[in-house]
Amino acid sequence: MFHSHGTRRSNAAARSSASGGLEGGGVGSPAASSASEGSSFRPSASTFWLLLHGLCCLISLFLGFRFSRLIFVLLFSNTIYTYTTTTTTTITSTRTETLTVSFPLTHTPPIETAVKPNNSALELSDKMSNQGSSHSQVVVGRHGIRIRPWPHPDPTEVMRAHRIIERVQQEQRKWYGVKSPRPLIVITPTYARTFQALHLTGLIHCLRNVPYPVTWIVVEAGGVTNETASLLARSRVQFLHIPFHEKMPVEWAERHLTENRMRLLGLRVIRERNMDGIVLFADDSNVHSLDLFDEIQKVQWMGSVSVGILAHSGGPDRTLLTEDEKLNPPIPVQGPACNSSGHLIGWHTFNSIPYSEKSATFVGESATVLPGKMEWSGFVFNARMIWKEAEDGRPEWVKDLDKIGENGEEIESPLALVNDASFVEPLGDCGKKVMLWWMRVEARADSKFPPGWIIDPPLEIVVPAKRTPWQESDDLAGSKLEQDDRRFTRPKSRSSSKRKNTLPGQDN
Amino acid sequence: MGKEIWVVAFLLSQALLLPIAQAAELHTERISGSAGDVLEDDPVGRLKVFVYNLPRKYNKKMVDKDSRCLTHMFATEIFMHRFLLSSAVRTLDPEEADWFYTPVYTTCDLTPGGHPLPFKSPRIMRSAIQYVAMNWPYWNRTDGADHFFVTPHDFGACFHYQEETAIQRGILHLLKRATLVQTFGQRNHVCLKEGSITVPPYAPPQKMQAHLVSPSTPRSIFVYFRGLFYDVNNDPEGGYYARGARASVWENFKSNPLFDISTDHPPTYYEDMQRSVFCLCPLGWAPWSPRLVEAVVFGCIPVIIADDIVLPFADAIPWEEIAVFVAEKDVPSLDTILTSIPAEVILRKQRLLANPSMKQAMLFPQPAQAGDAFHQILNGLARKLPHDRSVYLKPGEKVLNWTAGPIGDLKPW
């Protein structure tokens, strides 16, 4: 509602109503006088005025003085009203202009004719006194609060704002960010299971927000499945879907080893295709911060970051920490350890001793899932490190990829790729900054889920589960309902007793 | 012969194009206002200022009584005095001085809540001028035309916090010919004298520097504002505070996700400003606010919502190119206005704001540094030199009426 012209309009209304009142009275008197004067000259005119006078008297009789005054206001103050309406329409027409371009609105803003009560005189006097004293166009005193008719965001404008923000951030990256960013190659081992959609969607959204070109190598255990393929197709990330011949085992220990083999397969793909960039291992259930992707641009050959370990502690029967654990809590970070001058001296690993008895052995067991000694996701390296031809001077402390896993030995950690681990660069302020978190949350291996998470055809029969959570509190709910009914709906109180033991939703 | 000319022309054009190409590659841009490229001028050698030695009751005693005067937004008067005492432009010989400074702190009488009371300020100022006029001949020589005063209160030398009363009072009559250095600036307003120097309000520089974040932190907030929209204590009816502009901002944009506006006081206020593209600087009871200084220091484009406002150092800083001005009547379409600014214009404004001399010009660091607000004030005074001959009164000529003004002002202090 535009209140800005309230002052002018209120004055107009005040003046016009006053004049209307006078007019109302005035109509009576000329009618009477003309009736007496003009009867000799023009009988038609006098009867006309007499009739009009009579009509007005009747209206006043039936509607009362105030309403008749309103009618006179409407009849006799047309000129003033058109002035105010034209000013509002100029403003509203510009509003509708922008609206039709962007987004069709169903209603045009109403031309408000309401008047701000009580304060018109005060505002008028304020305005007059101050306009006299200063030559300023800015007026001191009370002003209306301008509110447009539809004070909600316009979607086109929101998109424009986002594009502006994107451009600003691009410029910020240009001046203050990484100077010549290298593309990223992300290797993710995955397999089709209940929680795959949950984990992969999170990872997809993260990769889409990365401001550098990303090539995503997805290695799937058990071959290529439609589940994974459909998720990847919708992802809008450039990906390579590589099948892995084995199925994912159910035991955690076996699973870690299989995942390692899958990652090595990914590395071999990079080697075959001579892909350039920075290699990063992103497990699908891990959580990444966008700072990570800026930080790893600094890597020369091989770097290591700190990984926060979120060891999932199983079901509701979590045991409390022992006294020893409270004094020395297990450090939940795996990563490089540096001395005071910033040189790598060793590694922090996850202290899994407190969990040795109660760790999970197979996927879906409600116990703590432990990470391996050295998680792959905490290591990044230059793709040129694993190329066949050491064209850019691959350092001697790097082993050749073909020689790894040749004899069928298991690769526990990426440190097996290098001869000398002291050349690994600690990133993230020497491991002090944690930018990614390791987490393993999985449903039982035999849990079912609808393929593609689409229920087709729609469910027809609804069978209540055996243990409805509401049955214990049903009595309480029923009595509360009775009380409410008594308070608010007197006639319905008789029927409330019928609904004692069922909730409204379950009536049918 | 012809070929050589072409070669020379080609080389010349390359030499000319290079610096232009380089300029676009920088992340800052030089600032030059209507007075030229004057932000980095050095005032030393261009003017001489004589500082009157007033008794303690006019300055030091007030600060000793209440040390909050040193940290509130009106602390400019105190720091200007201290700066001038040790500055190279100061001269101990009044005969060679171009400008005379009277160190009187009129904004240091604070309520228990910390707000300055302006009721005694006219008397304090009058008393100081009388002291100066009686003890030195330089005031009467020009009736104050080559003297300058720092009056940082809400409405400058009108000495009142309420705009209507301030307009009624007008500028103190005795300051009619003097130059005023004040924070208040509004065109065609009684309380802004012709030839005044508008300065930014005092904001503690160390506090702001302590909250700087890395410039690579992406700016993800579109519009940011923290402050009151309604002043229920002083304006219970609504419509008086900020001429209804702040209330209009709230009512129109409270549900707009692009606008991060609220009344609370987060501890990350300064950090949030560095993550925003636009910062609103609407008027309050007076058109100026420390938000402008904060926005400039943190690289957030100020959106000025105050009709006819005169911004600090308006002749040295081209505010039209740096800030976005929105008329109070256009506040309901603020989102349309801000989203339709082309991205190149926004980037250019950010480049101008990133210029360190711009940020420096808004601050009052202790000790003073080159290019800071103290130096900009001196530059402004230097630009007014040499004094016009009308400044010097003929012998026996008197312009000021020492009994003008409300009766209450004439009481001695």
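Predicted model: local features only at pLDDT ≥ 70, side-chain atom pairs only at ≥ 80, totals over all residues.
Residues are numbered from 1 along each chain as its sequence is written, chains are lettered from A and ligands numbered from 1 in the order in which they are written, and side-chain values use heavy atoms, with hydrogens and water left out.

**Salt bridges in chain B**

- The side chain of B:Glu251 meets that of B:Lys254 in a salt bridge (3.1 Å, N to O), a term for a side-chain nitrogen of Lys or Arg within 4 Å of a carboxyl oxygen of Asp or Glu.
- B:Lys254, at 46% relative accessibility, counts as partly exposed.
- A further salt bridge joins the side chains of B:Arg383 and B:Asp315 at 3.4 Å, N to O.
- B:Arg383 counts as partly exposed at 24% relative accessibility, and B:Asp315 counts as partly exposed at 31%.

**Salt bridges in chain A**

- A:Arg263 and A:Glu259 meet through their side chains in a salt bridge of 3.4 Å, N to O.
- A:Arg263 counts as buried at 2% relative accessibility, and A:Glu259 counts as buried at 5%.
- A network of salt bridges links A:Arg193, A:Arg255, A:Glu259, A:Arg263, A:Asp283, A:Asp284, A:Arg440 and A:Glu442.

**Overall count**

- Over all chains, the structure holds 34 salt bridges.

Technical notes. Buried < 20%, exposed > 50% of the residue type's maximum accessible area, 1.4 Å probe, protein only.
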